[in-house]
Each structure stands twice: as C-alpha cells, then as structure tokens.
Amino acid sequence: MSIVLTTLNAKYIHTNLAIRYLKAYAEPEYTPILTEYTIKDPTMNIVSDIYQKKPNIVGFSLYIWNIEESIKVIRILKTIDPSIVIVAGGPEVTYDYDKWLEQVPEIDLIAIGEGERTFKQICDWQAGKIPKQQVQGIAYMEHGKLKVNTPGPKLDLREIPTPYRFEEDLPNLPNRVTYIETSRGCPFSCQFCLSSIEVGVRYFNREAVKEDIRFLMDHGARTIKFVDRTFNISRSYAMEMFQFLIDEHRPGTVFQFEITGDIMRPEVIEFLNENAPVGLFRFEIGVQSTNDATNELVKRRQNFEKLTRTVRMVKNGGKIAQHLDLIAGLPEENYDSFRKTFNDVFALRPEELQLGFLKLLRGTGLRIQAEQYGYTYVDTAPYEILSNNVLTFEEIIRIKQTEDVLEKYWNDQRLPRTVEYLVSQVFETPFDFFQQFGTFWEEKGWSRIGHQLQDLFIRLDDFLRSDGKADMKIVASLMKMDYLAHHKFQPRKIWWEDAVSKKILLALEEQLLNNLPLLGEMNGKETWNSRSIRKQTFITKTYIDPSTIDSGHYEVREGYLITLFHTDKEPSFLYLEDEALAYA
C-alpha cells in the first residue's frame with residue numbers, strides 16, 4: 001500500500017512536524033512517503049508529483065495558511081483518481097469538520113485532534129485489518145449522513161516514536177527550520193487561541209528529547225524552534241533544558257522558544273545572562289494587549305509590570321534577542337487603546353515587534369462570541385477581522401499601514417539610530433511615527449514595489465521633508481551612519497549628495513595620520529598611511545557627534561564623520577570638528 005503524507009508550507013525553509021509524527025507512528029507496519037511543497041508552488045506541479053507516487057492514501061496537514069491552496073490540489077487529485085483515499089487533518093479541519101466534509105466532498109476522512117494513532121488505524125482499515133467503525137477520531141460521510149467516531153484517549157507522549165531521524169530529512173537540516181516539541185497543551189485559556197481548547201500540559205520524555213536534539217545538531221541543524229506553547233510553564237524543566245542547551249550546543253546553532261514573560265523568574269534570567277552564549281537563544285513573547293479590560297474579556301491573565309521586568313532584564317543581559325507580539329482587534333480595544341498598547345510595548349525596545357491582526361479561528365471562543373462584539377470578518381482562511389463594535393475598517397487600514405513600515409524600519413534594523421531619534425525626539429509617540437509614515441508610504445504606492453537598501457533611506461527622507469517636524473541636519477547625519485553601518489567596505493554608491501572637497505579630504509587625512517591612535521590597529525599587519533586611509537575609510541559631512549547618540553543628546557555640531565570599515569565587525573565612527581579630534 002502506497003501512502004503519501006503531505007502539506008503546503010508557507011515557505012521553503014519551514015518543515016512540517018505533524019506529518020513526521022504520523023510517519024514515525026505508522027512505521028514499521030507502513031512506510032509513508034513524506035513530500036512537502038509551498039503555497040506558491042503551481043497546483044498542477046503538486047498534483048503531478050503526488051500522482052506519480054501512485055498513492056492509495058494521501059494525508060494532508062491543513063492550516064489557515066494552506067487550506068485554500070490545498071483544497072485545489074485535493075479536488076484535482078480526486079478527479080484524476082477517485083480511488084485515492086483523501087485524509088485531512090490539522091487545526092484547520094479538526095473543528096467544524098461537518099462543514100468541511102460538506103464543502104469539500106473530495107475529502108474522504110477528517111482526523112479529529114491528535115492524529116498519530118488515528119492515522120495508523122486509517123491505514124489498518126485500508127489494509128483490511130479493522131472496520132472503519134473501529135478507527136478512533138475520524139469524521140466522514142456515509143450515504144449522505146455525517147458519521148463521527150469518538151477519539152481515543154490521549155496519547156502517552158513519553159512513548160511516541162521520534163519524528164526527527166528520517167534519512168530523507170538529513171541533507172536539508174542545515175538550510176531549514178527544525179521544529180521540536182517537548183510538550184503539548186497550554187495552561188492558559190486565551191479565547192483567540194486554539195491552544196486554549198486542550199486542557200492541561202503533557203510532556204515528552206526529557207532524555208529522549210535531549211537525544212533528539214543531539215542527533216539534530218550532529219547532522220547540521222542550525223535553527224531549532226521549540227513549538228511548546230509556554231516553554232517556561234515549569235521552571236525546573238526550563239532550567240534543565242536551558243542548561244543542557246548551553247552545555248551541549250554547537251557553534252552557530254540558534255534555539256527559539258515561545259515564553260510567557262510575566263511568569264519568568266528573575267533568577268532564571270540572571271542564570272541565562274551569566275551563562276548563555278550571545279545569540280544562542282531567541283525568545284518570542286506574546287503580549288497582545290496591555291489593556292487590562294481587554295485581557296480579562298479574552299481570559300488572558302497577564303501582569304504587564306512583571307512582563308516588563310522580564311523583557312528589560314533579558315535586554316540588559318545582551319545575550320538573547322526578543323520578539324514581542326501584539327494583536328490588533330481584540331474585544332473593546334479601540335484605536336486609541338491599541339495606540340497605547342503599541343507605545344507601552346515599543347517603550348521596551350524589543351529587537352522585533354510583530355504587529356498582527358485578530359483572526360477568528362474555527363473552534364475558538366472569540367469566533368463563537370463574534371456577534372457579541374460586533375465582529376465582521378472574512379469567512380475564509382485566515383478569517384481576519386474587518387471591524388468590530390469599537391474599531392472601524394478604516395482604523396484597521398491605518399494600523400495595517402503601520403505594520404508595513406514597522407517591519408522595514410524597525411524589525412529589520414536598517415535605521416536604528418534614525419528611528420530612535422524620530423520616535424523619542426520628533427513625533428509625539430512611536431506609534432504616531434510609524435502610522436503617519438505608513439499612510440504616506442501607502443499614498444505613494446510604495447507598498448506595491450520592491451525596495452533596495454538605499455530606497456528605504458530615500459523614502460524616509462522624502463516623508464520627513466514632507467512632514468516638516470524633524471531637524472533634517474540631524475536626520476541626515478543619523479541616516480548616513482545607519483547606511484554606512486550596513487557596509488564592510490566603502491559603498492559603491494551613496495543616496496545623498498556629498499560635497500566634501502579634495503582639499504578638505506586631504507586636510508582630514510593629514511589630521512588622522514597625525515593622530516594614529518584614534519584609528520586603532522589595521523586589519524592584518526598593515527600600517528596606516530594615506531593610501532590605506534582612503535581605502536578603508538569614508539569621510540562625509542555631519543552635524544552629529546556619534547559619541548553623544550547613546551545618551552540621547554542630539555546637539556547640532558558641524559563636523560566630519562569618519563567611517564572605519566572592518567571585515568569582521570560593523571564599521572566604527574570618528575568625529576572630527578575643526579582641529580579637535582574626538583573618538584566615538
């Protein structure tokens with residue numbers, strides 16, 4: 001019997017853990033073929049590839065990001081060969097399975113909930129070992145009537161076979177994200193999240209998890225992301241795993257976790273700040289809203305004061321990058337309230353701030369309560385809201401415009417010095433800068449075209465000159481530093497007009513040669529001379545002394561910015577003013 005397990009990932013670098021669990025559980029009695037595609041792959045290419053494997057059963061792992069494209073594949077595949085048994089599973093079809101069977105009659109069976117045992121029993125049924133009625137946790141149509149077989153008891157996760165050791169996966173480990181699961185379930189009841197439906201938290205065998213991680217690292221895995229909903233719900237467990245990963249990590253490996261910020265104990269953070277190598281860990285923290293009334297309505301317990309303490313302690317440690325999430329459109333969070341939420345969280349200066357929009361997922365409490373809060377939403381995946389009783393569609397558009405420039409100008413860290421000046425010194429709040437720039441960006445049509453690095457600088461300059469609030473001498477100086485910081489060598493082209501005369505350049509070179517300690521040591525064994533200065537530095541006009549930026553002091557001081565390029569780190573900057581030299 002030929003069995004194919006498949007899914008359409010959002011991007012090539014992603015991998016699907018679910019189908020690997022199904023394969024591991026089905027073996028050795030059955031040997032499913034794993035095959036993954038992306039949502040951008042042509043439908044007929046996917047159909048052709050699956051068909052050529054001559055499957056008797058095809059199992060699809062379905063989510064909000066791939067359901068629509070997957071249905072196209074399912075329908076064509078069933079048209080070509082009606083004998084293929086199409087099995088659908090995953091969070092998108094586990095709830096409202098009756099509607100999916102009605103909408104997509106090409107689906108023969110839907111696996112409800114945890115799928116490992118269910119899928120193996122489906123294979124047993126197809127092999128003639130058991131009747132369909134004995135397959136636990138499936139829904140299907142029979143003679144026009146819905147049939148539902150009750151799911152079996154929860155699996156003992158300590159006994160589930162490993163999904164991480166398939167030979168076909170090994171060549172791709174260095175180039176793709178590896179997802180690993182050490183627990184299932186969530187202790188919280190957030191009404192916008194599917195994880196709130198499963199009660200309790202179950203853990204896998206700790207030592208087996210460690211062995212899997214060792215195996216993955218031995219075979220080149222570079223990015224390992226834990227999919228546990230709250231990795232730090234058990235302090236002792238989190239500490240044990242952190243210690244293990246610190247002790248046994250390989251250079252270049254990064255581990256990502258979803259943590260709950262307000263329950264993170266200070267002593268855990270102190271331990272990480274003292275012992276974790278820089279860049280080994282990355283935290284994702286869901287804040288969603290700082291509005292207490294909103295959090296109460298969605299049954300989300302959160303102490304923002306403690307969360308703030310966690311984020312600041314981690315940031316001050318300088319070891320772990322943090323990604324914080326917000327959700328626009330939660331109950332009773334109007335535009336002004338969301339603006340405050342954004343500013344509350346941006347004040348923490350996370351390395352990344354993800355701005356998302358509420359999706360009324362099938363099976364969640366908020367979808368059931370949609371009418372109560374006046375929600376209008378798109379009734380096809382991803383079920384994003386259009387408005388509610390306190391937030392209009394026009395206001396959602398404005399927040400969406402904020403999202404675009406937030407990603408490009410903060411999360412990508414293209415202009416950190418410039419943005420910090422704008423949000424702290426020029427605009428009333430950070431949200432106002434991103435929102436107003438976002439609206440300007442959309443009006444110019446820039447959201448529909450691509451952008452080179454220098455384009456981002458030119459477009460920000462265009463916006464600020466139009467807005468008229470910023471001191472453009474300061475802005476231009478900060479933007480020059482931000483632009484040059486992205487280069488290891490002299491840039492081939494610059495986005496500003498530079499009018500430093502040859503006479504001034506020669507005078508500045510002479511000043512530098514007379515003060516060589518300011519330049520520091522050369523790369524390798526070379527020594528500084530006029531030629532090496534011209535080769536490894538870039539000189540331009542400035543109105544800001546770089547050494548004053550970290551203090552938030554932006555006094556206009558006319559001078560020259562000397563950029564020293566290094567092959568192994570970011571450039572460093574010197575500031576020259578008349579005959580005085582200052583090191584930054």
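This is a predicted model: local features need pLDDT of at least 70, side-chain atom pairs count only at pLDDT 80 or more; totals for chains, interfaces and linings use all residues.

Biologist: How many helices and strands does the chain have?

Modeller: The chain has 20 helices and 21 strands. Both are DSSP runs numbered from the N terminus: helices are H or I with at least four residues, and strands are E with at least two.

Biologist: What makes Asp 482 count as buried?

Modeller: Buried means under 20% relative accessible area, exposed means over 50%, and partly exposed lies in between, with a 1.4 Å probe and protein chains only. Asp 482 has 0% relative accessibility, so Asp 482 is buried. This residue lies in helix H18 (residues 472-484). Leaving out residues up to four places away in sequence, Asp 482 touches Arg 414, Leu 415, Pro 416, Arg 417, Thr 418 and Phe 457; contact means heavy atoms within 4.5 Å.

Biologist: Which strands form the open sheet of seven, and what makes two of them edge strands?

Modeller: The order is S2-S1-S3-S4-S5-S6-S7, with mixed pairing. Strand S2 (33-38) and strand S7 (145-149) each have a single partner strand, so one side of each has no neighbour in the sheet. From one strand to the next the twist averages 25°.

Biologist: How do you know that S6 and S7 are paired?

Modeller: Two strands pair if DSSP finds at least two bridges between them. Strand S6 (residues 138-142) and S7 are joined by five bridges, and the two run antiparallel.

Biologist: What is the sense of pairing around strand S11?

Modeller: Strand S8 (residues 177-180) pairs with strand S11 (residues 223-226) in the parallel sense over four bridges. S11 also pairs with strand S12 (residues 254-259) in the parallel sense, over three bridges. Lys 225 of S11 is the bridge partner of Tyr 179, and Lys 225 also stands opposite Gln 256 in S12.

Biologist: How do you know that the span of helix H11 agrees with its number of residues?

Modeller: The expected span is 1.5 Å times one less than the number of residues. Helix H11 (residues 304-317) has 14 residues and should therefore span 20 Å; its end C-alpha atoms are 20 Å apart, which agrees.

Biologist: Which residues of H11 are buried, and what do they pack against?

Modeller: Leu 307, Thr 308, Thr 310, Val 311, Met 313 and Val 314 are buried. The buried residues of H11 pack against helix H9 (266-275), strand S13 (281-288) and strand S14 (321-328). Just after H11, Gly 318 takes a positive phi of about 70°.

Notes
Residues are numbered from 1 along each chain as its sequence is written. Side-chain values use heavy atoms; hydrogens and water are left out. Axes are lines fitted to C-alpha atoms, for helices over the stretch in contact, and angles run from 0 to 180 degrees between N-to-C directions.
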